[in-house]
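Hi everyone, thanks for coming.

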Protein chains: 2
Amino acid sequence: MQERLVEISSLVAVSIENATRAFNESDVTLAETVIADDVKIDTAAKELDELAINILARQQPVARDLRIVVSALRISASLERMGDMAEHIAQLARYRFPDKVVPKSLRGTFSELGALDVAIAKKLVDLLTNEDVRLAEEIRNDDDKIDALHLSVFDKVLGETWKGGAIDTVDATLASRYHERFADHAVSIAKKVQYLATGDWVAASA
Amino acid sequence: MQERLVEISSLVAVSIENATRAFNESDVTLAETVIADDVKIDTAAKELDELAINILARQQPVARDLRIVVSALRISASLERMGDMAEHIAQLARYRFPDKVVPKSLRGTFSELGALDVAIAKKLVDLLTNEDVRLAEEIRNDDDKIDALHLSVFDKVLGETWKGGAIDTVDATLASRYHERFADHAVSIAKKVQYLATGDWVAASA
């Protein structure tokens, strides 16, 4: 099951890297790749769920093993949603092509948001591979930075110097929310892995 | 477990009814009630998860029973997110108080969105109580109406007659998304109940 989670998280890491690049550089081909690849993530998550249910039925795990299987079901659901967020970011890039999604004054912020989401996704692959709980802490810190950037998007959009039209405001609002939700799901997964590693099995499966 | 799901869905139905009323009528006291009540929904969902894990450990269910327990875990997660969406809608009402969240031109649309979310939540309570699969179909139809209204919000915001400022645009975008996500989660639950009732156990636990 761990191998499968690592595989799915690797697919998610590739998708968010492609999605944020498509978003920042208006690369419509790359955006379409992300949209097409989301099916692979969905399928891989469903396969992992079936594996987990088979393990529950055949091996009837208890105690820590049971918590691990239930946590894996939850982690798979979060990874699937992270894939959806990458897809949503790519869809915004595709809708606005050949224009860029956000006006110049916000591009630096979205470039930082994208880089942090990509960093978080890569750390998540590592965390699921080797359960190094320091990575869970790093993911939480990166998420704090993302929350601050997310708020700064609203400060800019609602500030006096904002010259964007309604379409820019809508896109910036949605794009910022997708970037932020992507990181939220990563934090939720990181907490579960941390709890499992530290023996807090109840919290891990919550 | 079914009783618990019915209880949680009833809490969600009360919260979305209060949240949409708070949103449409700028009732800050009601908004604060919704925000405070979200903790109850979160706690009830966690308790159901613990019950499900205890059942898995002690009774080691297989086949249909196992699928029901796994589906219950997923339904509980969706109900918890529906509670979050009600809370987000209430938070928008609180932030903008004493103003209304959306300008006049959108109030009719949001009143319809809110009424549909409330209707869906009540049907979900009924569906979880008596597994009448016709309700699952109705929920899907209501969701189609919500998707159309959600798109119409963007049509208005991006149309030539839109006089709202950036803050109105941001609020309308987020509020519409929260209403739409609330219904999406309900559809996802309705599908699971329908699959369980019709014997498609694999789909039910996916």
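**Helix packing and the chain interface**

Let's start with helix α1 (residues 2–25) of chain A, which packs against α3(A) at an angle of about 15 degrees, the two axes lying 8 Å apart. With an angle under 35 degrees, α1(A) is therefore roughly parallel to α3(A). Their crossing is left-handed. Before going on, a reminder that this is a predicted model.

Which residues make that contact? On the α1(A) side you can pick out, among them, A:L5, A:I8, A:V12, A:I16 and A:F23, and they face a set in α3(A) including A:I75, A:L79, A:M82, A:I89 and A:L92.

Now for another pair. Helix α5 (residues 133–157) and helix α6 (residues 166–198), both of chain A, pack at about 160 degrees, with 9 Å between their axes. That angle is over 145 degrees, so α5(A) runs roughly antiparallel to α6(A). Here too we have a left-handed crossing. The residues of this contact comprise 13 nonpolar, six polar and six charged.

Let me step back to the whole chain. What is the secondary structure of chain A made of? Seven helices and zero strands. Its C-alpha trace spans about 60 × 30 × 25 Å along the principal axes.

On to the interface, then. In this model, 23 residues of chain A are in contact with 23 residues of chain B. On chain A's side, α2 (28–59), α3 (63–96), α5 and α6 each supply at least two residues. Which helix gives the most? That would be α6(A), with six residues. The side of chain A that touches chain B divides into 17 nonpolar residues, four polar and two charged.

Finally, how do the copies relate? A rotation of 180 degrees, with 0.0 Å of shift along its axis, superposes chain A on chain B with an RMSD of 0.0 Å. The two copies are thus related as by a two-fold rotation axis. Why do we say they meet through the same surface? Because 100% of the interface residues of chain A are also interface residues in chain B.

That's my tour, and I'm happy to take questions.

Methods: Residues are numbered from 1 along each chain as its sequence is written. Chains are lettered from A and ligands numbered from 1 in the order in which they are written. This is a predicted model: local features need pLDDT of at least 70, side-chain atom pairs count only at pLDDT 80 or more; totals for chains, interfaces and linings use all residues. Copies are superposed by least squares on the C-alpha atoms of residues with pLDDT of at least 70 in both. Two residues are in contact if their C-beta atoms, placed from the backbone, lie within 7 Å. Axes are lines fitted to C-alpha atoms, for helices over the stretch in contact, and angles run from 0 to 180 degrees between N-to-C directions. Helices (H or I, at least four residues) and strands (E, at least two) are DSSP runs, numbered from the N terminus. Angles under 35 degrees count as roughly parallel, over 145 as roughly antiparallel, 65 to 115 as roughly perpendicular and the rest as oblique. A crossing is left-handed if the near helix is turned anticlockwise from the far one by less than a right angle, and right-handed if clockwise. Ala, Val, Leu, Ile, Met, Phe, Trp, Tyr, Cys and Pro count as nonpolar, Asp, Glu, Lys and Arg as charged, and the others, Gly among them, as polar.
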